[in-house]
Amino acid sequence: NGVVGKVTAASSAPPADVEKGDGVGADDDDCAAPPPTKRPRPSRPTTSEGDNGDKGGDDDDEANPPSPSSFDGVISPAFLPSVPTVASSYSTSQPFPHGIVRPLCPPAFLQSVLSELKNSATVKFKESDLFRVYQSMDMANLEPDSPQAESAPNLMKLRDALYSPQFRTAVERMAGLDEGTLTEKVDCAANCHVRGCHLLCHDDVIGTRKVSYIIYLTDPDDGWTDSDGGRLELYDSSPEKISLPNGGAKVEEGSSATKRRRRVPHPFPSKTLLPAFNSLAFFVVRPGVSFHSVQEVFAEDKPRLSIQGWYHADAEPEGMADATLNRLKERRSNGGAKRDDGEGD
């Protein structure tokens, strides 16, 4: 009962044993019934990226590069030389800083990981008011001598390389973080989006998450296209509109009223990324800033496979009250009533 077998059987409808997710605002009836199908978005001017991700550059002046010893055969030899180039493009990317690494691994190795996931991984259908996806168990819980780990040795090698000190240091450099920011905590799972699966707009901020990443494992022999859906969508944002004090009198910039304004995502993404095989997309998660979603998958006969995970810091980020999850909880506790600062449903 591998990923593909379960996905094929459930492409048109979720299984009976639906596992409800941790989304906010969903009741039992909402989770048991399939969500309305999202339609393709109207044509809007966006920036798209597909197969041409950031590739390796040469920079012999990079100080103290991480040792590649733990990467042998797992991480592409082009990765470490590409770190300065990716870091440069990351800092100027829009609508918020994000990076793309491709290739991440030697192609033959990543194809072996893909084969292991298809043949040995088991997934559960999860659904909430935020997402609809098939997901494997948390890979942090896989012990080296467990049956699951023994059936997927290359997947375990990839997991260990991703959370090694060398790779974490490289991620810190690419994302402009201080060295030592990212802890050794492992937090990742395999995701499978089939027809109708999606992930609504949110900022990914929960607890001590610091960097979000996704490694695409779509079939390299059947390339992903626009008509398949499933793009990673990145959103710009603007300060929310608030009710002005003093009967609508002008509020000086920098006052307590303007400082209270949270950011809200725009209705359409300003950049989208195709889930190209052997590419890694990543960004620092920021409350009320790192808004992103996964477009609904339209492909009928091929799954959007990926490894999704996070790197953690020692402490939660500043501004947790502005995180998507906390704002949804606040709206729910208020029963959708209009807030004093003008925010409402």
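This is a predicted model: local features need pLDDT of at least 70, side-chain atom pairs count only at pLDDT 80 or more; totals for chains, interfaces and linings use all residues.
Local features need pLDDT of at least 70 and side-chain atom pairs count only at pLDDT 80 or more, whereas totals for chains, interfaces and linings use all residues. Residues are numbered from 1 along each chain as its sequence is written, and side-chain values use heavy atoms, with hydrogens and water left out.

Strand β8 spans residues 209-216, and seven of its eight residues are buried (under 20% relative accessible area, 1.4 Å probe, protein chains only). Strands are DSSP runs of E of at least two residues and helices runs of H or I of at least four, numbered from the N terminus. Two strands are taken as paired if DSSP finds at least two bridges between them. Strand β8 runs antiparallel to β15 (residues 304-312), with seven bridges joining them. Five bridges join β8 to β13 (residues 280-284), again in antiparallel orientation. Ser 212 lies opposite Trp 310 in β15 and has Phe 283 as its bridge partner in β13.

Phe 79 is in contact (heavy atoms within 4.5 Å) with Phe 71, Val 101, Phe 167, Ala 170 and Met 174, residues up to four places away in sequence not being counted.

Glu 143 is located in the loop between β5 (131-135) and α5 (147-150). Glu 143 counts as partly exposed because its relative accessibility is 47%, partly exposed being the range between under 20% (buried) and over 50% (exposed). The C-alpha atoms of Glu 143 and Met 156 are 9.4 Å apart, with the two residues 13 residues apart along the chain.
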